[in-house]
Amino acid sequence: MGVEDVKAAFEGLSIPWECVEHNPIEKVEEGLELDSIKSLGCSFAKNLFIKDKKAGFFLLVVTADRKLDMKKLPGLLGKGTKEFRFADEAALKEKLGCGKGAASPLGVMTDAAGEVTVVLDEELMGAAKIGCHPCQNDHTLALTPDQLKAFLAKYSHEPMLKAPAKIEEEAKVVGKKEGADSKGLEYTKAGNFPNWYQQVIHKSEMIEFYDISGCYILRPWSFSLWEAITEFFDGRIKKMGVKNCYFPMFVSEAKLNAEKDHVEGFAPEVAWVTRSGDGELEQPIAIRPTSETIMYPAYACWIRSHRDLPLLLNQWCSVVRWEFKHPTPFLRTREFLWQEGHTAHGSYEEADKMVMDILGHYKAIYEELLAVPVIKGYKTEKEKFAGGFRTTTVEAYVPATGRAIQGATSHNLGKNFGKMFKIEYEDKQGQKQIPWQTSWGFTTRSIGVMVMVHSDDTGLVLPPRVAPIQVVIVPIVMSGMNLDTLSGAASDLASQLRASGVRVELDDRDNYNPGWKYNYWELKGVPLRLELGPKDLEKRQVRVVRRDTNAKLDVPWSVLPQQIALLLVQMQHEMLERATALRDAALKTVVEWKDFVPTLQLGHMALTPFCNDEEATHFEELVKEKSKAEALAASGAEAEDARTSTSVAAKTLCIPFEQPPLPEGTKCFISGKLATCWVLWGRSY
Ligand code: 86X
């Protein structure tokens, strides 16, 4: 049996189908990562071919993340079943005509005798489309649940349907009974993203929760990442001549409101201190949501002559924005850490170079440190910082949710703030001038983006460049071995690595076994694990395991530092490569409205031709409304993703700096007017 037989069968039954070819995949998880399969937009089934001594063969077709316990299956399936085990490859071939790793309900074609009972997961049957291998694991067919059921019926295999609650309940009970490691993740990234994210950041000891909504404790494991970022960026801006400073976190009402235009839309987010001890303050005092109104009055004092320019200041601090939208650790918190840079220049060109250089550093933080690809671009008029002249941005993408997210912004403020705050100086000719200003900010949100992009069902996955610990050494103690030899070798390897500049930890705790330690460090995302057991001692080698791919290799002690250095660099590189491939696969060109919402529905971003004239804002609003309405009509979904409180409406992410050619006469996809540029759209955080 193979793809041609299956196709012929579908044709014979007049059931339509879609099929893609791909590299052979062994595990469901691999399939979920493949672009060709993603392009089908289908859910992927996990197929378990199992055998009961009495009742014979069963094929369980369940959601990819379904956890099943063999011991509980008789209770679930009945039919006189007693004890299940996995059927072997020969049986798979004989009964279902499928090769290894290609078990599929389509195999019932082979089972003319009706010896195999097919069990379908009801949740899976609720999917729009289901991916099935046509008895070979290098092709995938996308079928609707009805098409699959019709196929099974034609081959006289009436399936058993099982409710997910029931299956899950069985799994959960067992999970507790067997002490299924409650220290590990209980949710999968694909199955329940919000709960998965919460558990990843909490169980990895990045975040501790707090009793004020929207506020979180950054534990050393996440703060170290922030330190790696600050160190990198601080070094870069100091080379540009930027100096650090610190302004007060409080701002008087008079000052905050002096520039109504700037504060207006934001006013509801401002947090106020109104009391000290048990007395009311004479004047309420605001806590900075950003520092323009705090810094620029001082700039007006300091900038008098062209000799005072450029003024290049930055501060590292926290800011408070009392939002009422659903908070998400790192991504949207009421207090967050950032740097805010505010500069003033004597020429537009100089200011614009500053804006672009900073944007380059932001891109470098994302790509070189966090291994997250970003797209540079201009914000549209609608999305730019209203107080400024032009906003540039780096935009990231979270494949697991199909959502884009703003990574950081760098603004060319023009002379707007100079006029508002009366910042004036005398140029060389003695003329009064207003300086050109810039401002730019990068926040702890970046850490959340990194977690969402790279982490997996086992926990955090940290890019080596920012990992607080890059290598953990776990000695494997066996009874009857010489402990001194083992710990001597382990600490010797640790010091060699440390001497070569690797951040290494020797986990020689005697109250945990190696298995426990593996889980612990995997959860925390440490890039490389070194296992050192009796065999390794004998052979003077060590087993190295990569956190991102789980690849294992044995490395001789003699070349360990070189090999580790190489592996860390490789892993850093490959993490960015993988994330870039996923991001690129999600970038679709859309030239007609009819393809727009369907593209977003598949979790993609859309690059469209756009008019971008005086009416652009109107058309952006139109896209927002229409995309929301169409998405709701298409899926019967909620206006908001219930779990992440993110809207299904599309907005512009940016006008990418890198513009594909725009053929003469291309029409704007929404207004029908002549297009002047390509714009990137997406659902976003
Ligand atoms: C916009 C603009 C700008 C310096 C940056 O993006 C980088 C660093 N600032 C920030 N913005 C506000 O101006 C703002 C103002 C108030 Cl009063 C507020 F409550 C919230 C705000 N949020 C953003």
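**Ground rules.** I number residues from 1 along each chain as its sequence is written, and I use heavy atoms for side-chain values, leaving out hydrogens and water. As the model is predicted, local features need pLDDT of at least 70 and side-chain atom pairs count only at pLDDT 80 or more, while totals for chains, interfaces and linings use all residues.

**Confidence.** I looked up pLDDT (the predictor's confidence in each residue, from 0 to 100). The chain average is 92, and 95% of the residues score at least 70. Over residues 169-180 the pLDDT is below 50, and this stretch has nine contacts in the model beyond near neighbours in sequence. Contact means heavy atoms within 4.5 Å.

**Helices H9 and H13.** I take helices (H or I, at least four residues) and strands (E, at least two) as DSSP runs, numbered from the N terminus. The axes of H9 (residues 220-239) and H13 (residues 348-369) come within 11 Å and cross at roughly 145°. Axes are lines fitted to C-alpha atoms, for helices over the stretch in contact, with angles from 0 to 180 degrees between N-to-C directions. On the H9 side I noted Phe232, Phe233 and Arg236 among the residues that meet H13, whose own include His361, Tyr362 and Glu368. The residues of this contact divide into 10 nonpolar, one polar and two charged. Here Ala, Val, Leu, Ile, Met, Phe, Trp, Tyr, Cys and Pro count as nonpolar, Asp, Glu, Lys and Arg as charged, and the others, Gly among them, as polar.

I count a salt bridge when a side-chain nitrogen of Lys or Arg is within 4 Å of a carboxyl oxygen of Asp or Glu. The structure holds 29 of these salt bridges. In one of them Lys238 joins Asp234, with the closest N and O atoms 2.6 Å apart. The two residues are four apart in H9, so about one helical turn separates them.

Strands pair if DSSP finds at least two bridges between them. I read the order of this open sheet as S24-S23-S25-S26-S27, with mixed pairing. S24 (504-506) and S27 (552-556) are the edge strands. S25 (residues 528-532) and S26 (residues 541-546) pair antiparallel over four bridges, and Leu528 stands opposite Arg546. Helix H19 (residues 560-585) lies across S23, S25, S26 and S27, at about 10° to S26.

Antiparallel S17 (residues 375-378) and S32 (residues 651-656) are joined by two bridges, and Gly377 has Pro656 as its bridge partner.
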